Amino acid sequence: MNKGFVGRLRTALGLSESGKEQVPPFELLFRRFRDVLESNNRAIEVITDMGEKLGGDYLFDIVYVGSAYSQLADTLTRSMHSFDLLTGSRYPELRGVYDRIDTQIREMMYGSPQGQDRMVVSLSDITRDMTHTVGGKFASLAAVKNSLSLRVPDAFVITTHAYDTFISSQNLIPLVEALDNGTEVNEAALDELRDLIAHATIPREIEEALHNALENMRTKCGERCFLAVRSSAEEEDSESSFAGQFETVLNVPLELRALEDAYRKVIASLFSHQSVNYQKQLGYRIGKLKMAVGCMVMVDALSSGVMYSTSPNGGSGTLLINATWGLGKAIVEGQTDGDFYKVKKGTAPELIEVKGGKKESMIVTLSEGGTALVRTPEAIAGKPCLAAGDIEELSRIGMTLEGHFGRPQDIEWAIDRAENIYIVQSRPLRIEQEGESEPASPVSLKDTGPPLMSHRGIAVQKGAGVGRVFILRHLDEIGNVPKGAVLVSRYDSSSFVRIMPYLAAIVTDVGTPTSHMASLCREFRIPTIVNTGEATELLSHGQEVTVTVGDEGETAVYKGVIEELGNRADMHSVTMEQAYEFRKKRYILRYIVPLNLVDPSIDQFLPERCKTLHDVLRFIHEKALMELVDKARYGNTMIREHAAVKLELPVPAGIIVIDIGGGLNSTAGTEHASFEQIASFPLRAVVKGMLHPGVWHADAVSLKVNDFLSSMMRVPDIAFQRNDYVGYNVAVASAEYTNLSLKFGYHFTMIDCYCSETARNNHLYFRFVGGATDITKRSRRVQLIAEILKGYGLSIEMKGDLIIGRIGNVRRDAMEALLEQLGRLLAYTRQLDAVMHDDFAVERYVRNFLKGDYEL
Amino acid sequence: MDRYRIMVIDDEKIVGDMAKISLEQDGYEVETFLNPAPALSRLQETKFDVVVTDYKMKGIDGMEVLKTVKTLYPDTKVIMITAFANLDTAIEALRGDVHDFFPKPVRIKELKASIRRALGIQ
């Protein structure tokens with residue numbers, strides 16, 4: 001303990017352990033710190049501006065994105081330069097981290113042939129920043145396996161880099177590029193391209209990588225294991241689902257030839273008429289989308305299916321599970337009805353509705369590879385395929401995934417013969433937000449006569465559609481469906497996507513609300529009813545009808561046109577989110593805005609943990625401050641050189657101020673300043689709060705024996721406070737900024753606040769940690785502070801007796817009030833944990849504090 | 001009833017895409033063009049109520065679009081948007097009878113308000 005302290009003191013005094021290191025004069029130190037601060041503030045301004053302009057409310061172009069980003073990069077580079085000077089280049093890794101993020105962003109903006117150069121990546125090696133290399137589907141699965149430790153079958157991914165290599169080795173680039181030349185899809189060109197891909201030679205470097213991956217897989221799971229080879233296009237499963245648009249080849253043996261065939265099939269499906277139409281409808285430029293291909297070990301599935309972690313049609317708070325015997329393909333392709341379970345979410349999930357399916361047919365794997373649709377054995381056909389325990393476990397998984405991804409998920413799962421649940425896909429589920437589309441208006445239907453069909457089937461997408469019935473007998477007829485038709489079909493199929501934007505409504509006899517087609521219908525907001533049993537019998541070809549699906553999932557088809565319910569103009573309008581170019585540009589924000597480095601007091605606060613530019617900024621800011629504050633806290637020299645000024649306050653707060661520009665109204669060379677001389681707006685507000693009558697209790701509250709022991713162990717430097725200037729509270733202040741590090745009693749608090757006239761640039765960061773007394777009392781105080789801060793609108797994170805609170809975009813006057821309250825709170829809670837003897841105390845003191853009663 | 005027709009010309013796809021999506025939400029009929037040349041020949045065929053055009057494009061610039069539109073349809077309103085806003089371009093545009101002039105990025109709400117003013121609706 002002693003040595004650490006002395007060591008720091010020596011460093012602060014310019015006497016490093018070796019006694020040779022030179023500490024720059026403090027004036028210089030401040031200037032460098034101010035440079036860091038100014039660059040950082042400027043960078044935050046640019047980040048805020050980009051967030052606003054790229055948020056969907058502005059028309060912007062690449063000129064804006066480019067110039068805003070180069071401003072950001074400039075200020076960050078400047079900040080890093082000053083930071084290196086300030087710290088004596090103590091964090092050399094930071095530059096490498098910054099360069100990596102910068103390269104990712106620039107590649108995304110301007111495109112780059114480089115990037116990840118691996119042909120194959122194993123699922124366990126996939127990290128969050130690899131979406132563009134492994135595609136959306138497998139990036140999500142990797143998160144499920146690697147972050148959540150849920151069971152996901154072993155897999156490897158053939159990357160988008162392999163895709164580039166494959167396409168360019170076959171001289172296919174000109175053909176691919178030629179696809180993007182007009183509004184009409186050139187079907188002949190697509191056919192030719194797919195044919196070339198089907199017969200293409202796999203380049204040597206890909207072949208070698210596949211060979212090694214297969215060897216690996218054999219070692220892990222033996223010869224008798226098979227692969228599901230599935231698409232994982234760059235943006236698949238992100239904003240647009242691409243549900244059922246690409247090929248999946250099931251049960252592929254671990255042989256190079258078989259795998260290569262499957263790979264070619266999946267790649268070719270990127271250029272199928274159906275998927276190209278879909279891409280066009282979503283605003284993609286044809287030929288720009290790259291495809292990674294995932295190869296996943298097949299689960300020997302007893303049963304499988306789909307789960308929606310939130311019911312799409314009303315009933316939030318519930319989730320849906322669809323299950324069938326054998327492979328789940330039967331469900332997503334709408335070939336079987338399956339069992340249907342509705343579960344109320346909660347700590348104890350509760351089954352509230354069951355509809356057993358007939359499950360007449362099922363898909364099974366064949367021992368020589370491939371799959372077959374067979375008649376379900378009679379012994380199990382009508383039986384439910386999930387036990388109560390399975391439903392409960394699945395529901396918990398669904399809630400976990402929804403929590404992890406922060407939005408409802410469309411999950412594919414399988415249960416093997418050992419009754420293990422595997423997740424084979426998790427993608428965002430599109431659910432209409434309240435008010436996103438108008439509900440079908442409650443019109444009088446008296447004159448329309450009885451409906452042709454009502455309360456039949458399952459609602460997939462609410463809304464109303466008017467048109468002539470087209471009864472589709474065979475998929476080949478799909479080209480004949482006229483615009484504006486109500487499509488009525490025996491089965492559902494994701495092939496409908498080709499004509500989906502032109503349809504008024506879709507009604508099917510068989511099908512599930514969790515199929516690929518159902519996902520697409522929600523994406524395009526086509527009113528859809530599935531599983532009606534006999535719509536193809538009840539409705540006649542050419543008949544004019546109105547299809548309605550209500551908010552509560554009630555369904556009906558009426559004869560004739562009901563104007564009030566008819567097609568609305570916005571029915572098929574895609575939202576901004578679905579414009580590919582917009583999404584692509586906005587995507588760079590993911591590498592800029594989110595803040596992952598939150599808590600500097602734990603080990604993870606390292607340069608290599610920075611994932612975004614915001615993290616880099618945060619790291620620089622925190623470490624630059626520590627540099628300055630450490631020197632001030634332990635540096636008598638600071639005071640001697642008049643670089644720091646002691647605040648003379650009516651309460652013994654013991655604060656010294658390092659003025660980095662406009663922080664104090666004092667003449668150079670003074671050693672003391674009064675409250676009136678504080679010019680720093682945020683510092684003044686906090687101190688004002690501390691001075692509020694009644695909040696500062698002069699008498700130390702008596703500590704019990706174990707409190708005292710515990711405080712001795714937690715605060716090693718406490719025995720050395722005899723030295724006048726050691727352990728001072730330090731405020732670094734400029735006119736609009738303050739960083740205040742306080743050690744009151746036995747706990748540490750940090751307030752970092754920037755407060756200017758421009759609300760959106762303002763931020764407040766509050767950190768509270770430690771304290772004497774035993775852990776129960778400490779946690780009571782933490783609870784109290786958290787309660788009060790939440791009341792002020794701060795977002796709070798808690799861990800043990802650490803609290804981090806943040807708020808931004810606050811008006812100057814509101815920030816002033818907030819800081820003053822914080823000042824009061826800090827003074828008030830200095831010794832509070834010593835008197836918080838029970839949990840009721842928390843509530844009592846919160847109530848008292850908010851009332852302005854500061855008695856202890 | 002015929003809907004108002006709006007043409008958007010910008011050599012960056014993202015601008016046209018975003019404009020189309022947001023204007024169609026308000027019930028306008030929108031056509032977008034990446035190049036001014038095909039846009040101008042489309043104008044020969046049919047009239048648009050408002051033309052929103054980028055100022056600086058390869059080949060034909062926004063001022064030329066403005067002149068052609070005004071020659072063909074004096075009452076069609078032209079709104080100019082540009083990434084390279086300076087006073088000179090703004091003055092030149094305003095002299096040329098442009099309805100409105102916005103620097104990019106332009107807030108979609110403002111563009112919509114300007115279009116409504118151009119059409120005399122509120």
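Student: How many residues of chain A are in contact with chain B?

Tutor: This is a predicted model, in which local features need pLDDT of at least 70, side-chain atom pairs count only at pLDDT 80 or more, and totals for chains, interfaces and linings use all residues. Residues are numbered from 1 along each chain as its sequence is written, while chains are lettered from A and ligands numbered from 1 in the order in which they are written. Two residues are in contact if their C-beta atoms, placed from the backbone, lie within 7 Å. On chain B 21 residues take part, and on chain A the number is 19.

Student: Which residue of chain B is the bridge partner of Tyr58(A)?

Tutor: Strands (E, at least two residues) and helices (H or I, at least four) are DSSP runs, numbered from the N terminus. S1(A) and strand S6 (residues 106-107) of chain B run antiparallel and are joined by two bridges; strands pair if DSSP finds at least two bridges between them. In S6(B), the partner of Tyr58(A) is Arg107(B).

Student: Is Ile620(A) buried or exposed?

Tutor: Ile620(A) lies in helix H18 (residues 613-633) of chain A. A residue is buried if 20 or more other C-beta atoms, placed from the backbone, lie within 10 Å of its own, exposed if 12 or fewer, and partly exposed in between. Because 28 other C-beta atoms lie within 10 Å, Ile620(A) is buried.

Student: Which helices do the buried residues of H11(A) pack against?

Tutor: In helix H11 (residues 273-281) of chain A, Ser275(A), Val276(A), Tyr278(A) and Gln279(A) are buried. The buried residues pack against H8 (187-198) and H10 (256-269) of chain A.
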